[in-house]
Amino acid sequence: MNEQTLPLKPSRSKPWNDPRVRALFFQLIAIAAVFWGGWALIDNTLANMESRGISTGFGFLDQSAGFGIIMSLIPYDATYSYGRTFWVGLLNTLLVSGMGIVAATILGFLIGVARLSSNWLIAKLALAYVEILRNIPLLLQIFFWYFAVLRNLPSPRQSVDIGGLFFLNNRGFYMPEPLAQPGFGVVTAAIVVAIVAVVIIKRWAKKRQLATGQVFPTVKVGLAVLIGVPVLAYLAAGGPLQWEIPELKGFNFGGGITLIPELAALWVALSLYTASFIAEIVRSGIMAVSKGQTEAAQALGLRSGLTLRLVVIPQAMRVIIPPLTSQYLNLVKNSSLATAIGYPDLVAVFMGTTLNQTGQAVEVVAMTMGVYLTISLLISLFMNIYNRAVALKER
């Protein structure tokens, strides 16, 4: 009688010998360790604060602040709450950051293009600008513009008078303030219509060029529409706009718009410093474009300006945008140096004065860090969207 043999079952490996099981196990341990560390840190902090009699929570935001701020974009005085100081500081941070990004971008692109100029003097001046500005610490540059330049301007009674409309002294730069009158809505509507018209004209001109090859003067026509339509609406509405001219009252000027020295010094320093880095980013982006592209454009009869604007810069943007995003993030974070000269940004008025008065360190620091994190993530998001929009698309 033949002995029957049963088929052998494949032996199953032990769980601890399975790489996937081991990887999952160690990841769970790592996550548990992170949560345990975070919980221990929070629990220890709360215990220490309770032992010192420091209350926790965000109820302090409703308490009266009791201190003034030299500049605010929204109504504010000492009777407002700490929550109001948060918004004042946040808006001041956004103001100087936005102004700095615009100025640094324009100046950086101009300097970057100038670095590649065939004119020896222009190229060397641009080189000197980059090497000097980017190799001096930003804080020293802020001190230079604030203490060595702006604080040495004449007093209000000896102000620099520019046409009887603008005044410059050691307390700020004063300029006329436009005050809208009844009927100004017509002008606002005309501005919106002009912007929409320019967008339509630009799209039509692009389709026309693709179909016929004829170039339409989009820039000239667009500027004429942007300026002409609002001006005509302004005249037709009877000039519904008045200007408040600054006047010397007592020891200082009153009325108009005031650009305080702290804001001016911080804005100039941030813009010039960041522009030196943007210039090098622009130069490297332009040099990354194949020289054959320029030669091909010149062979087609395009002038140098059109070659740069229509051929070189669009292709260079894919190289420029990622490092340019980093410079924008650096500029926003560097704006926190404002506390060194007394500009009332978020760090100065909220993490400085508010924290010292309330002692709510955890809440104040967490809110401040959350704001800078949110701003940085939003800038990265918008720049990534723009990067995808201008990226070269293969057909």
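Which residues in helix 4 meet which residues in helix 7? The legends below take up this contact and several other close-up views. The structure is a predicted model, in which local features need pLDDT of at least 70, side-chain atom pairs count only at pLDDT 80 or more, and totals for chains, interfaces and linings use all residues. Residues are numbered from 1 along each chain as its sequence is written, and side-chain values use heavy atoms, with hydrogens and water left out.

**View 1. The crossing of helix 4 with helix 7 is right-handed.** Helix 4 spans residues 138-149 and helix 7 spans residues 261-288; helices (H or I, at least four residues) and strands (E, at least two) are DSSP runs numbered from the N terminus. Their axes come within 8 Å and cross at roughly 135°. Axes are lines fitted to C-alpha atoms, for helices over the stretch in contact, and angles run from 0 to 180 degrees between N-to-C directions. Helix 4 and helix 7 are therefore oblique to each other (under 35 degrees counts as roughly parallel, over 145 as roughly antiparallel, 65 to 115 as roughly perpendicular and the rest as oblique). A crossing is right-handed if the near helix is turned clockwise from the far one by less than a right angle, and left-handed if anticlockwise. From helix 4, Leu138, Gln141, Ile142, Trp145 and Tyr146 meet Pro261, Glu262, Ala265, Leu266, Val268, Ala269, Leu270, Leu272 and Tyr273 of helix 7; contact means heavy atoms within 4.5 Å. By class, this contact comprises 12 nonpolar, 1 polar and 1 charged residues (Ala, Val, Leu, Ile, Met, Phe, Trp, Tyr, Cys and Pro count as nonpolar, Asp, Glu, Lys and Arg as charged, and the others, Gly among them, as polar).

**View 2. Helix 2 and helix 3 meet in a left-handed crossing.** The contact involves Leu107, Ile111, Ala114 and Arg115 of helix 2, together with Ile122, Ala123, Ala126, Leu127, Tyr129 and Val130 of helix 3. These residues divide into 9 nonpolar, no polar and 1 charged. Helix 2 (residues 82-115) and helix 3 (residues 120-133) pack at about 130°, with axes 7 Å apart, and are therefore oblique to each other.

**View 3. Ser97 is located in helix 2.** At 5% relative accessibility, Ser97 counts as buried (under 20% relative accessible area, with exposed over 50% and partly exposed in between; 1.4 Å probe, protein chains only). Not counting residues up to four places away in sequence, Ser97 touches Leu331, Val332 and Ser335.

**View 4. An open sheet of 4 strands has the order 1-2-3-8 with antiparallel pairing.** Strand 1 (160-162) and strand 8 stand at the edges, each with a single partner strand, so one side of each lacks a neighbour in the sheet. The twist averages 15° from one strand to the next. Two strands pair if DSSP finds at least two bridges between them; strand 3 and strand 8 (residues 257-259) are joined by 3 bridges, and Phe173 stands opposite Leu259 in strand 8. Strand 3 (residues 172-175) has Gly172 and Tyr174 on a covered face, whereas Phe173 and Met175 lie on the uncovered one.

**View 5. Strand 2 and strand 3 form a hairpin with 2 residues between them.** The antiparallel strands are joined by 3 bridges. Phe167 has Tyr174 as its bridge partner in strand 3, and Leu168 has Phe173. Beyond four places in sequence, the residues touched by Asn170 include Leu150, Arg151 and Pro261.
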